[in-house]
Amino acid sequence: LGYLYSGMGDWARAQSAYQMVLDINPNHSNAIYNLGNIYRDQGRLSDALAMYQRAIKADPGQSDAYVNMGAIYQRQGKLEQAKESFQMAIKANGQNARAFFDLGYVEEHAGNFQKAIDLYQKSIELDSTNPEAFYNFGNSYARLGKNSEAIALYLQATQVDYSYVDAWVNLSVLSFMMGDFTNAVKYCDQAILLGYKAPVGY
């Protein structure tokens, strides 16, 4: 019931529903976790972190709580704490595709591109429906100068989500850099059709 109310954006009723569960079972980890999600969506990040920590204490295998903690730390610029949270999420559940993806993002933005590549690859093995994983995977290859590999991954991102504008833009840029002007124009035109506003002179 709490989940239903949350989906409707009725935070007060959702919170009451989860609290009713906790009145019966104070260690119900999913109810605690979902309360944390409500606080997160309300912008009450300290309260959300406290709930995620409580959920983990109730159930150390609560991998998604670690992921959401890491996302908050990342938003706050606390990248080492974010990294540790994502690592703990993977330790709690080695099948958590989002944890591998988020840890890959941290490693990519720390300049550890090969580590990011390995993590994105694992994330995709677990969940091949996330276009952003293919896109970021491609970005890491591009940063290593492996443009052909990057192009293949950007194309995969567009196969998962044809409307993924950033993938079309990067396809155009890399194609241009590689001297493939025909595809550069084709990919740019596709990005523009999807709403991309090309800079003057592009």
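Leaving aside its neighbours within four places in sequence, which residues is Asn170 in contact with? In this predicted model, where contact means heavy atoms within 4.5 Å, Asn170 touches Tyr135, Asn139 and Tyr154. Asn170 sits in helix H11, helices being DSSP runs of H or I with at least four residues, numbered from the N terminus. With a relative accessible area of 19%, Asn170 is buried; the term covers values under 20%, while exposed means over 50% and partly exposed lies in between (1.4 Å probe, protein chains only).

Residues are numbered from 1 along each chain as its sequence is written, and side-chain values use heavy atoms, with hydrogens and water left out. Because the model is predicted, local features need pLDDT of at least 70 and side-chain atom pairs count only at pLDDT 80 or more, whereas totals for chains, interfaces and linings use all residues.

Helix H11 spans residues 165-177 and also holds Met177. At 56% relative accessibility, Met177 is exposed. Together with Val173 and Met178, Met177 makes a nonpolar surface patch of about 280 Å². Such patches are made of residues with over 30% relative accessible area and no salt bridge, nonpolar side chains (Val, Leu, Ile, Met, Phe, Trp, Tyr) being joined within 5 Å and like charges within 9 Å.

Next come helices H9 (residues 131-143) and H10 (residues 147-160), whose axes come within 8 Å and cross at roughly 170°. H9 is therefore roughly antiparallel to H10, a label for angles over 145 degrees. The axes are lines fitted to C-alpha atoms over the stretch in contact, with angles from 0 to 180 degrees between N-to-C directions. Among the residues that meet are Phe134, Tyr135 and Asn139 in H9, and Leu153, Tyr154 and Ala157 in H10.

The structure holds four salt bridges, each defined as a side-chain nitrogen of Lys or Arg within 4 Å of a carboxyl oxygen of Asp or Glu. One of them joins Lys83 and Glu107 at 3.3 Å, N to O. Lys83 lies in helix H6 (residues 79-92) and Glu107 in helix H7 (residues 97-109), so the pair ties together parts 24 residues apart in sequence. Both Lys83 and Glu107 are buried. Within helix H7, Asp102 and Arg98 lie four residues apart, about one turn of the helix, and their side chains form a salt bridge at 3.3 Å, N to O. Asp102 is buried at 8% relative accessibility, whereas Arg98 is partly exposed at 41%.

Key: Accessible areas come from the Shrake-Rupley method with a 1.4 Å probe; for residues, only the protein chains shown count as cover. Helices (H or I, at least four residues) and strands (E, at least two) are DSSP runs, numbered from the N terminus. Angles under 35 degrees count as roughly parallel, over 145 as roughly antiparallel, 65 to 115 as roughly perpendicular and the rest as oblique.
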